[in-house]
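This briefing looks at how two protein chains are arranged and how they meet.

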Number of protein chains: 2
Amino acid sequence: MKKILFLSLFLPAIIHAQSDDSVFIHQLSNYILSSDSPYNDLFYLTKRIGGRLAGSPQMVQAEAWGAKTLQQAGADAVFAQACQVPHWVRGGKDKAAVSFVTNGGQKQSKAIAVLALGNSVGTGPQGIIAPVLRVKSFDDLESKKDSVKGKIVFYDVPFDDTLVFTFRAYGKNVIYRGQGASRAAKYGALAVLVRSMSNSVDNYPHTGSMHYTDSLPKIPAAAVGLRDVKYIDSLFDAGKAVSASLFTYGKMLPDTTGHNIIGELKGQDNGIITIGGHLDSWDVNEGATDDGAGIVQTITILRAFKALNYQPKHTIRFVLFANEENGTRGAKKYAEAAKEANEKHLFALESDAGGFTPRGFSLMAADSVIDKLNSWLPLFKLYGVTDFVNEGAGADVTPLYTLLNTPVAELRPDSQRYFDVHHAPNDVLENVNIRELKLGAINMAALIYLIDKYGL
Amino acid sequence: MKKILFLSLFLPAIIHAQSDDSVFIHQLSNYILSSDSPYNDLFYLTKRIGGRLAGSPQMVQAEAWGAKTLQQAGADAVFAQACQVPHWVRGGKDKAAVSFVTNGGQKQSKAIAVLALGNSVGTGPQGIIAPVLRVKSFDDLESKKDSVKGKIVFYDVPFDDTLVFTFRAYGKNVIYRGQGASRAAKYGALAVLVRSMSNSVDNYPHTGSMHYTDSLPKIPAAAVGLRDVKYIDSLFDAGKAVSASLFTYGKMLPDTTGHNIIGELKGQDNGIITIGGHLDSWDVNEGATDDGAGIVQTITILRAFKALNYQPKHTIRFVLFANEENGTRGAKKYAEAAKEANEKHLFALESDAGGFTPRGFSLMAADSVIDKLNSWLPLFKLYGVTDFVNEGAGADVTPLYTLLNTPVAELRPDSQRYFDVHHAPNDVLENVNIRELKLGAINMAALIYLIDKYGL
């Protein structure tokens, strides 16, 4: 009886709260799905500014655009937080070809699609021309270490297509992009080619950051498009001796100053909630998916809160992070400054897995937080999110977890299309579906609203 | 105690079954995600055969390809089931322009992107040139009925963008494409233009079937691309009198013979399970999403069952249905033949909502069936399906429900991208993500496997 009484007293309040919340989230959804701003914002960022690697003139333009746009979207305050960022430049048009001797004794050459990896040194205009050694893993490299000297090492490690969540395949293979050059340089390689980090069926090469081990020679490194990988494989599989020429021009310039661009919606209580994406992108594309989508979602949520006249309990920070791609210096700066200022951070949410249709959220947080969020799932289901999992968050919010123990999260859109465009020339506006991007923003806005209202 | 005993006796068996099932479904997934056949099949159907409207030479090619491919995929038997199909031809290149008089008194014209609606009569080479009457609904048409005579009526009814599930927006608006011509002809309209059934941001017109009311004059009808709709709206909103010229050449030829192409995997028990998609498409595109995806998924499931040496309990029919687009004659024939032959149909599943990332299944079935399927959800979650709902099934399996009371279902992929390409020239191979298509096939295969094993 007591139990029944308890229920009858409290149940209406719970139902009422859920119903208020679902009404507000529905209003957010209606506003966002009807708005032209997300498309217009993404159009400007991709088509008017374009690729915006840290240190580039486009970085400066994007920062100015971001500040102006947050202002116009209705932020109570907008400020720029300076940080030193690396300044790598591609320096020229990357070029490569492979060649072999036909059965008839003729040398045959074919140009292949390549992009120098970010942070890599260039070959210079004289290029590097050398025999190619194909390896299938670092173990394979070790077993062939006596044959590496004077060669171009080709890391030919395909994505594991059987992994449904494509980020797992990326996670397994990205070490070849990151460390492949130094591991091969150790045995005297002249350069490395790396199979693009992708499971697409086209031929775009996918760049991305690499880093050198300081004690080893720095050698050039480039990613190869997957159709050309198939071609090279066909030569090796036919027993040919394959050579390659590679021309890249990358160089590191001195660090320069970049900025996190931050808009605030002031809350009445103490405490800060962060939403963000990263403003930089690679230089070879428009950075539409990576991470124009996250930037536009962040700004869209501000617009939606303002349109619905939402008065947050806590201060909500809309952060356009600097330099995620080859340094995460913006993210580090943001967390360090928060720690120094002794700010109280309740929660931070990032979108950097593309503007694809939302599936869930992933967090770094206590299990009790995950349980609480999962209790809110019925409020999300209509908009596509069906789970909260404790499997890590994005690179731009993770420092808040590390330094301040803030629960951090990232939107998990469907992952099938991400590595079709990631760091490749086809990461352009046309490959973003604006309704999918908006659905991501709706779920993010709903999560921020619920956490602002109920805490964690 | 009794309860505990019951649990301890039965639980291991249940767990064991689930674990066997999850292992088998994982094998299906690994096979399908690693296979090149889905891409190769879709490539042939879209790039070698292309658009394949009922009655066209490409329909005949597609039927032959379908039979051969089912055979090579390992069907125990392949047969063609003849049916009479309508034979509409576009007859020429559709063309239109709108014009108005500028403030300076000059006539200004602009070509607009149009496609005649399927089954519509043509204007002939002399075209129709007339003032345009814009209406926002059938109610609006009725209120303006005295102004309709001698005009081209323009149905300008946007998709409701606030509906997350885009098929609901389509469901609300498609009546203007289907009935708009006759409703306007009733009041003396000369032709109709219909805003394309889409929420895309590009300018492709989206064709699709329309039908005439026999007692009313048959007038030409065409769909207009959405950017041009914006342009026309800007003229009306500026108070201009707008005229249009329209040139279309459609005509109905006598019915001809088409075929459902059916492959069977024989079961040991009595009873049939059907999986299918439709082989026809509109004439203006490659029919990659609509419904090349469903065809390829159907064939892929057969390939996967054969690769894993699956011996079904019931006969599984892989059906490439004829003439879904403008008649569903294939579907009717299949159900009628099943009824005449007194076949026992356990279940039928269709894929005709695109090869996009899977979300769930929708059914027409008793609630007990839905409950049973939902109890299997943990087996699907890894592959993207998170619910079974009782909200109808596709046009090709519904006649089995109507005639034989067979539970029928359709795959529900994410709906955001479907109306970007539906019935439009951009429904091409390049707009299909082959991994998303494969995930759909995995979930379909898993469902067929579970129903074959456990019944409904």
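Chain A superposes on chain B by a rotation of 180° with 0.0 Å of shift along the axis, at an RMSD of 0.0 Å. The two copies are thus related as by a two-fold rotation axis. The model is a predicted one.

**Symmetry**
- A:Thr386 is the residue of chain A that comes closest to the rotation axis, with its C-alpha at 3.8 Å.
- Both copies use the same surface, since 97% of the contact residues of chain A recur in chain B.

**Extent of the interface**
- Chain A contributes 32 residues to the contact and chain B contributes 31 residues.
- Between them, chain A and chain B bury about 2,700 Å², and 44% of this lies on carbon and sulfur atoms.
- On the chain A side, the most area is lost to chain B by A:Arg359, A:Arg417 and A:Arg435, which together account for 26% of what that side buries.

**Polar and charged pairs**
- Six salt bridges are found across the interface of chain A and chain B.
- One salt bridge joins A:Arg435 to B:Asp161, with the closest N and O atoms 3.9 Å apart.
- Polar contacts between chain A and chain B number 22 residue pairs, counting pairs with both residues at pLDDT 80 or more.

**Make-up of the chain A side**
- The elements of chain A that give two or more residues to the side touching chain B are α1 (2-34), β14 (358-364) and α13 (434-454).
- Of these, α1(A) gives the most, with four residues.
- By class, this side of chain A has 10 nonpolar, 12 polar and 10 charged residues.

Conventions: Residues are numbered from 1 along each chain as its sequence is written. Chains are lettered from A and ligands numbered from 1 in the order in which they are written. This is a predicted model: local features need pLDDT of at least 70, side-chain atom pairs count only at pLDDT 80 or more; totals for chains, interfaces and linings use all residues. Side-chain values use heavy atoms; hydrogens and water are left out. Contact means heavy atoms within 4.5 Å. Buried area is the accessible area (1.4 Å probe) that two parts lose on being put together, summed over both. A salt bridge is a side-chain nitrogen of Lys or Arg within 4 Å of a carboxyl oxygen of Asp or Glu. A polar contact is a pair of N or O atoms within 3.5 Å; within protein, one must be able to donate a hydrogen and the other to accept it, and residues adjacent in sequence count only if both atoms are side-chain atoms. Ala, Val, Leu, Ile, Met, Phe, Trp, Tyr, Cys and Pro count as nonpolar, Asp, Glu, Lys and Arg as charged, and the others, Gly among them, as polar. Copies are superposed by least squares on the C-alpha atoms of residues with pLDDT of at least 70 in both.
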